[in-house]
Amino acid sequence: MTESAPSTRPTWTDEQALALHAIRAAFRQSKIPFGDAQSAAERAVIPSNLPEGLFITSTMVPPSLDIPASILQNPVVHPAETPLFFYTTSAEPPSLGGMPARGTKVIFFVHGGGNVIGHPTGQGTLPFLSDLVRKLVAGISARALIAAPSFRLATVPENCFPAALQDLYSAYSYLIKEGYDAKDVTIAGESGGGNLALILTYLISQSSPHALPDHVVTIAPAADLTHTLSDFAKAQADADLLSIASYEAASSQYLAAFPANDPLASSTFINFPPSWPKTLIMVGTADQLIDASRTIAKKIEEAGNTVKLIEFDDLPHGWWLFPSIFNQINDAIDKIVQFVQS
């Protein structure tokens, strides 16, 4: 089912217009990092000065012993420890090493950044997840938290494909083995993380001893790394925040020699099984990557599964990370919480 959000094209103030222009300029002039990578310990650091009422803890997840063989084929890339961050609204940390509270709702969140930048507590991700966990806790009677892994970024050869998938699989496996029930878990992600979230779910469905999550949520998944665009998508170039060239550069760096049209690289090529979880996809119509959202929604529906596609008028890629400019994020978070509750 496709739902078009009401037309919410903002009336820009001078301040908003200048901010939007500055964001575009910064994105289009930025360079993709290469040659340097943070260690797992460096990625596990929790920022100071968190928003009031928000608590973040982290734990180091060991490589899973049941990582699917399909993501162990690269002789340069080996499983590694993965920092896993927990967002909560309680000072009491999640019950690790023991059984968590029965019925705890978990959003397993995969950050975006084209697999070359980003972090679970990054500048845009922190406020987004803070608002999401608050509304999640307020909207349900059971306990709730967000679990967000800091997977390896493809800034050095040993962190390229499939390092991110190995890390994400290990983190999901860890949650399930810790006692969190898959029926209470939602795998979610934004942009490149939305693609990874879909591929992780696919890996679980194909070759994992673990149960599938109950829901999947993606925001503007960058899910076709061949970057083949429809005429409609091409027409959004002037409105979008990022150029196609920047997407292509990040994808090339991440994949190295792996084919972009493989379902482990681009989730638009997944043959979705009949057991696929209920899925919510949200995307803006000014996003050059909108084709992937529409293709995935159609394929999930054709496989006989439940999927909801929401298109927000005139919003570019990355809009959810800039709440001071795009206030539609409040509506989007409400829709995510309602969907997770369903």
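**Values and definitions**

Analyst: Helix α4, residues 163-177, has 15 residues and reaches 21 Å from its first C-alpha to its last, close to the 21 Å expected at 1.5 Å a residue. The expected span is 1.5 Å times one less than the number of residues. Helices (H or I, at least four residues) and strands (E, at least two) are DSSP runs, numbered from the N terminus. This is a predicted model: local features need pLDDT of at least 70, side-chain atom pairs count only at pLDDT 80 or more, and totals for chains, interfaces and linings use all residues. Residues are numbered from 1 along each chain as its sequence is written, and side-chain values use heavy atoms, with hydrogens and water left out.

User: What makes α4 mostly covered?

Analyst: Buried means under 20% relative accessible area, exposed over 50%, partly exposed in between (1.4 Å probe, protein chains only). In α4, 14 of the 15 residues are buried. For the chain of 342 residues, the buried share is 54%.

User: How do you know that the chain agrees with a compact globule?

Analyst: The radius of gyration is taken over C-alpha atoms, and the globule rule is 2.2 Å times the number of residues to the power 0.38. For 342 residues the rule gives a value near 20 Å; the chain has 19 Å, so the two agree. Its C-alpha atoms fill a box of roughly 50 × 45 × 45 Å along the principal axes.

User: Why is one space called a cavity and another a pocket?

Analyst: On a 1 Å grid over the protein atoms alone, a cavity is a set of points where a 1.4 Å probe fits but cannot get out, whereas a pocket is an open set with protein on both sides within 12 Å along at least five of seven lines. Lining residues have an atom within 4 Å of a point. Grid points are joined across faces, edges and corners, and a volume is the space filled by probe spheres set on the points. The structure holds three cavities of 30 Å³ or more, and the largest cavity has about 80 Å³. The largest pocket has a volume of about 920 Å³. Of its 40 lining residues, Phe27, Gly113, Gly114, Ile117 and Leu242 are closest to the centre.

User: Which helix gives the most to the lining of the largest pocket?

Analyst: α7 does, with seven residues.
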